[in-house]
Amino acid sequence: MKNKKNILVDSFKRKHTYLRISLTERCNLRCTYCMPEEGVLLSHKSHIMNFDEIYTIAKTFVDHGVTKIRLTGGEPLIRKDLPIILKRLASLPVEIGVTTNGVIVDKYIDTFKACGIQHINVSLDSLKKERFTQITRRNYFDRVYNNIILLVKNGFKVKINVVLIRGFNDDEIIDFVNLTRDLQISLRFIEFMPFDGNKWDMKKMVSYAEIIQGLNSHFSEKQIERLQDSPNDTSKNYRIKEYKGSFAIISSVTNPFCDSCNRLRLTANGQLKNCLFSATESDLLTSLREGKSIEPIIQKAVLGKFKVRGGMDTLEKLQEPKLHSQNRNMTTIGG
Ligand code: SAM
């Protein structure tokens, strides 16, 4: 490709074309499975990337073959300079998506449109108001639900992320799937994953196999259609015939998708993580501020990527608290 520099290939020949950028460690919700009760230690403001730095680092990745960027956090929409960040990134030849809790999405509909952003993922773990409040420790169910409808009405490609937790919301799987009957959304059930301070327990995780089993006992085999997954898809996709939307399962715990992983992550304080589960990070921001090239650091980080889940290649290792306490909590990684 003309003017393209070395693409980002790891030692297992996986090409990295997708960068997730966390814009902030802060969030306007306090989801129990994401953030420890006592909150998280935030980086000093001076250590958080400013919009110029975000653009410069993103451009370096795009120059090296990244074609897709997703903005996340914390909650990316609470960043005051979000419109500037979106405008700058929109000037790059890259598809941009946003992952949000949806609380203040209504304020950004026009900005998203102006910046050509079509793909918005919204997290919603319960369709019951009281449960929503219980899990997020905030009373914003109506806002989030109405904002999902607003996004769909405005023609955005909307995915809804649902983290399933046994005994909490696993009785809502069918209700969530039924939401796809009239709404053109793609629902994603996510297996509960372990991170520092989130009180993860294998017993609380609802597995891919169990979700399928639950669906099979409600819908007939003829009603459930397995869809073709896109290359590098993290999810296994399905739909109920005649329903407008679709649903999928992201089985990072029981059935990881590491073989086709094309993702890298940049934290809000400018650290590159080559995997969600990686305990090590590479400091891009300090080098950038010192005027040094960040390309060698990126290439080294990519080459150092483990084959499976940051080295936690077995379920036994994943259940080892010492191993995930070496990682960050989800809100400061950028989910
Ligand atoms: N604030 C935004 C949001 O709520 O979508 C973006 C950040 S949030 C950390 C990104 C995604 O990570 C959400 O869909 C959330 O449900 C998911 N997530 C957080 N902790 C998780 C965990 N322990 N297991 C699985 N998914 C998790």
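This is a predicted model: local features need pLDDT of at least 70, side-chain atom pairs count only at pLDDT 80 or more; totals for chains, interfaces and linings use all residues.
F195 is buried, and so is F277.

F195 belongs to the loop between β6 (185-191) and α7 (208-216), and F277 to the loop between β11 (271-273) and β12 (282-283), so the pair ties together parts that are 82 residues apart in sequence.

The count of aromatic pairs comes to 9. Another of them is F112 with F156, which is edge-to-face, at 6.1 Å centre to centre and 80° between the planes. Here F112 comes from helix α3 (residues 109-114) and F156 from the loop between α5 (141-153) and β5 (157-164), so this pair ties together parts 44 residues apart in sequence. Are these two buried or exposed? F112 has 0% relative accessibility and counts as buried. F156, at 7%, counts as buried too. Together with Y108, F112 and F156 form one aromatic cluster.

The charged end of R226 sits over the ring of Y238, 5.1 Å from its centre. K236 lies over the face of Y208, at 5.2 Å from the ring centre.

Now the sheet. It is open, has 12 strands and mixed pairing, and its order is β7-β8-β9-β6-β5-β4-β3-β2-β1-β10-β11-β12. β7 (224-226) and β12 are at the edges with a single partner strand each, so one side of each has no neighbour in the sheet. Further in, β5 and β6 run parallel and are joined by 7 bridges. K159 has its bridge partner in β6, namely S186.

Which strands do the helices touch? Helix α1 packs on the sheet against β1 (18-22), β2 (68-72), β10 (263-266) and β11, and its direction makes about 170° with that of β1. Helix α7 lies across β5, β6, β7, β8 (236-240) and β9 (246-250), running at about 150° to β9.

Last, the core. The largest nonpolar core has 100 residues, and I21, F61 and F189 have the most contacts inside it. Helix α1 (residues 51-63) gives the largest share of this core, 6 residues. What does F61 touch, leaving aside its neighbours within four places in sequence? F61 is in contact with L8, L19, V66, L264, L272, L284 and I298.

Key. Residues are numbered from 1 along each chain as its sequence is written. Side-chain values use heavy atoms; hydrogens and water are left out. Rings of Phe, Tyr and Trp (its six-membered ring) pair if their centres lie within 6.5 Å; planes under 30 degrees apart count as stacked, over 60 as edge-to-face and the rest as tilted. Helices (H or I, at least four residues) and strands (E, at least two) are DSSP runs, numbered from the N terminus. Buried means under 20% relative accessible area, exposed over 50%, partly exposed in between (1.4 Å probe, protein chains only). A charge sits over a ring if NZ of Lys or CZ of Arg is within 6 Å of the ring centre and within 35 degrees of the ring normal. A nonpolar core is a set of buried Ala, Val, Leu, Ile, Met, Phe, Trp, Tyr and Cys residues joined through side-chain atoms within 4.5 Å. Contact means heavy atoms within 4.5 Å. Two strands pair if DSSP finds at least two bridges between them. Axes are lines fitted to C-alpha atoms, for helices over the stretch in contact, and angles run from 0 to 180 degrees between N-to-C directions.
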